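Welcome, and please take a moment to look over the protein below. A short briefing follows, grouped by topic.

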Amino acid sequence: DGPQLFFSDPSGTFVRYKAKAIGAGSEGAQSNLSESYSETMTLEEAEELALSTLKQVMEEKISTDNVELARVTPKKGFQVATQDEVGEVLGRL
């Protein structure tokens with residue numbers, strides 16, 4: 001089935017998600033992801049959704065110094081974006 005995302009809650013239960021937010025501000029972020037995520041999104045659109053969601057819920061201004069972005073694709077597997085790549089995505093917001 002290709003790359004998949006699972007979240008384990010404190011009880012040890014695993015749940016599969018298409019998009020998931022955790023940590024401070026996760027309720028608002030999860031709500032935004034649930035409303036905006038689509039399985040037909042391009043990788044670029046998904047990156048923009050991820051960072052725009054963080055931008056909405058983070059207390060400090062989002063920048064390449066305080067945000068990291070990673071991708072999981074069938075072709076390249078797990079890949080952490082460079083600061084320049086994160087900057088390009090932030091520039092598209």
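A residue is called buried when its relative accessible area is under 20%, exposed when it is over 50%, and partly exposed in between (1.4 Å probe, protein chains only). This is a predicted model, in which local features need pLDDT of at least 70 and side-chain atom pairs count only at pLDDT 80 or more, while totals for chains, interfaces and linings use all residues. Residues are numbered from 1 along each chain as its sequence is written, and side-chain values use heavy atoms, with hydrogens and water left out.

**The overall picture**

- The protein has three helices and four strands; here helices (H or I, at least four residues) and strands (E, at least two) are DSSP runs, numbered from the N terminus.
- Following the sequence, these elements come in the order β-β-α-α-β-β-α.
- The radius of gyration of the protein is 14 Å, close to the 12 Å from the globule rule for 93 residues, so the protein is as compact as a globular protein of that length. This radius is taken over C-alpha atoms, and the globule rule is 2.2 Å times the number of residues to the power 0.38.
- The C-alpha trace spans about 35 × 35 × 20 Å along its principal axes.
- Of the 93 residues in the protein, 19% are buried.
- Among contacts (heavy atoms within 4.5 Å) with a separation of 6 or more, 29% are between residues 24 or more positions apart.

**Surface and charge**

- The accessible surface of the protein is about 6,700 Å², and carbon and sulfur atoms hold 50% of it. Such areas come from the Shrake-Rupley method with a 1.4 Å probe, and for residues only the protein chains shown count as cover.
- The protein has 9 positive and 16 negative charges, and their mean positions lie 5 Å apart. Lys and Arg count as positive and Asp and Glu as negative, with His and the chain ends not counted. Each charge is placed at NZ of Lys, CZ of Arg, CG of Asp or CD of Glu.

- Ala29, Gln30, Asn32 and Leu33 are the buried residues of H1. Seen down the axis of H1, these residues fall within an arc of 160°, so they line one face of the helix; the arc is that of the directions from the helix axis to the C-beta atoms.
- Exposed residues Glu27, Ser34 and Glu35 sit on the face of H1 turned away from its buried side.
- Strand E2 (14–17) and H2 are included in what covers the buried residues of H1.
- Gln30 belongs to helix H1, which runs over residues 26–36, and its relative accessible area is 15%. Beyond its neighbours within four places in sequence, Gln30 is in contact with Tyr17, Ala19, Lys20 and Ala21.

- Helix H3 (residues 83–92) has Val86, Val89 and Leu90 buried. These residues cover an arc of only 100° around the axis, which puts them on the same side of H3.
- On the face of H3 turned away from its buried side are the exposed residues Asp84, Glu88 and Gly91.
- Helix H2 (43–57) is included in what covers the buried residues of H3.
- Arg92 is also in helix H3, and it counts as partly exposed at 36% relative accessibility.
- Leaving aside neighbours within four places in sequence, Arg92 is in contact with Glu44, Glu47 and Glu48. Arg92 and Glu44 are 48 residues apart along the chain, yet their C-alpha atoms are separated by 9.5 Å.

**A strand and a loop**

- Ser8 lies in strand E1 (residues 5–8) and, at 34% relative accessibility, is partly exposed.
- Not counting residues up to four places away in sequence, Ser8 touches Thr13 and Phe14. From Ser8 to Glu45 is 37 residues in sequence and 26 Å in space, C-alpha to C-alpha.
- Lys76 is in the loop between strand E3 (70–73) and strand E4 (77–80), where it is exposed with a relative accessible area of 59%.
- Lys76 and Leu90 are 14 residues apart in sequence and 22 Å apart in space, C-alpha to C-alpha.
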